[in-house]
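Dear colleague,

Please find below the structure that I am handing over to you.

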Amino acid sequence: MSKRKLLCILFALIMIAMIALAVAGRSRFPVVNKAVAAIVLPVENAINYLGRVGDVAGDGMRSLRSYWRALTVLQSENEQLKKDNDELRYANLATAAIYAENHQLRELLAYKETHEDQITVAARVIARNFGDLHESLYINAGENKGLRREMAVISNGALAGVIDEVYGGYAKVLLITSPRCRIGGRVLRASSRAVGITTGNGSIDGMLLMEHIFREASIMKDDIIVTSGFGGNHPDNILIGKVISARLDSVGLLQEAVIAPSANIDNIEQVLIVTGFTPVEKIDINDCGGQAK
């Protein structure tokens, strides 16, 4: 090997050793340190920058994954809350329906217990005449339960109508708010006892009209009207409603009164039909002895 090559190799080894010592920080060689710094620092800065970028990117990816995970959990929780809310709403509706039905059944039971002289049959409303909600409805009892025309139909402890048509397993009820329904009524006040005919007034307010009341008869606001029983088709003392106002009729010879029905006509679901009762005794005015017949 020539002397020149040997010197070059020796110089290269010495430089490598000095650079290694400078990088390791064990020796101070100003010139070499500058050269090392000029080469190593940019590379180190680049590596550090890429590391920071990687950390930021990693944090970003972790943040993005966390966001999507939180969003998925939130959507799942919202769906569950919506489902729970729907179930709660349906449960509330079912509870309200059961409460309303039980309330009507309790009222019918109370009527039955306080009118032991009457034979009644329970029935459920199965349809309404949607042409006129104040006209008629249908119940799931008919000839199979002994129903006949003109029998009284009770709801909310009050008169709701009369049987209009009877079929095998169902019947049509003519509501008291119908102008076709005419029921004998009287004032439930000891100092009055005025009588008349109650019928639907044909308006959408659901009021009744009590007609053919004697001009001299005493009838006033808030009087209670019950069935008179004089026609023989219905028991007496069934609640009809309360007087809203009274006046002379258009001719001026008789009185008439506007009556608010006590039965909740728009929300009837359960009814009682009076199939038997003791009729009011009729007096023969031609019998001088005044004996009952």
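The notes below go from the overall fold to the aromatic residues and then to the salt bridges.

This is a predicted model, in which local features need pLDDT of at least 70 and side-chain atom pairs count only at pLDDT 80 or more, while totals for chains, interfaces and linings use all residues. Residues are numbered from 1 along each chain as its sequence is written, and side-chain values use heavy atoms, with hydrogens and water left out.

Overall fold

The chain holds two helices and twelve strands. Helices here are DSSP runs of H or I with at least four residues, strands are runs of E with at least two, and both are numbered from the N terminus. Read from the N terminus, the order of elements is α-α-β-β-β-β-β-β-β-β-β-β-β-β. The chain has 293 residues, of which 31% count as buried. Buried means under 20% relative accessible area, exposed means over 50%, and partly exposed lies in between, with a 1.4 Å probe and protein chains only.

Helix α2 covers residues 30-114 and contains lysine 112. Lysine 112 is partly exposed, at 39% relative accessibility.

The barrel

Six strands form a closed barrel in the order β6-β7-β8-β11-β10-β9, with antiparallel pairing. On average, neighbouring strands of this sheet are turned by 40 degrees against each other, direction ignored. These angles rest on axes that are lines fitted to C-alpha atoms, for helices over the stretch in contact, and angles run from 0 to 180 degrees between N-to-C directions. Two strands count as paired if DSSP finds at least two bridges between them. Strand β6 (residues 182-187) and strand β7 (residues 195-200) run antiparallel and are joined by five bridges. Within this pairing, isoleucine 183 stands opposite threonine 198 in β7. As a general point, strands of a sheet pair through backbone hydrogen bonds, either parallel or antiparallel.

The aromatic residues

Two aromatic pairs were found in a search of the whole structure. Rings of Phe, Tyr and Trp (its six-membered ring) pair if their centres lie within 6.5 Å; planes under 30 degrees apart count as stacked, over 60 as edge-to-face and the rest as tilted. Tyrosine 138 and tyrosine 170 make a tilted pair, with 6.4 Å from centre to centre and 55 degrees between the planes. Because tyrosine 138 lies in strand β2 (residues 136-139) and tyrosine 170 in the loop between β4 and β5, this pair ties together parts that are 32 residues apart in sequence. The pair of tyrosine 167 and tyrosine 170 is stacked, because the ring centres are 4.7 Å apart and the planes stand at 20 degrees. Together, Tyr138, Tyr167 and Tyr170 form one aromatic cluster.

Tyrosine 167 is located in the loop between β4 (158-166) and β5 (171-175).

Salt bridges

How many salt bridges does a search of the whole structure find? The search finds eight, a salt bridge being a side-chain nitrogen of Lys or Arg within 4 Å of a carboxyl oxygen of Asp or Glu.

- Arginine 247 and glutamate 256 meet at 3.0 Å, N to O. Arginine 247 is partly exposed at 39%, whereas glutamate 256 is buried at 14%.
- Lysine 221 and aspartate 222 have their closest N and O atoms 3.6 Å apart. Lysine 221 is exposed at 55%, and aspartate 222 is partly exposed at 42%.
- Glutamate 150 and arginine 149 meet at 3.8 Å, N to O. Glutamate 150 is partly exposed at 25%.

Glu150 and Arg149 also belong to a network of salt bridges that links them with Glu135, Asp164 and Arg180.

With kind regards
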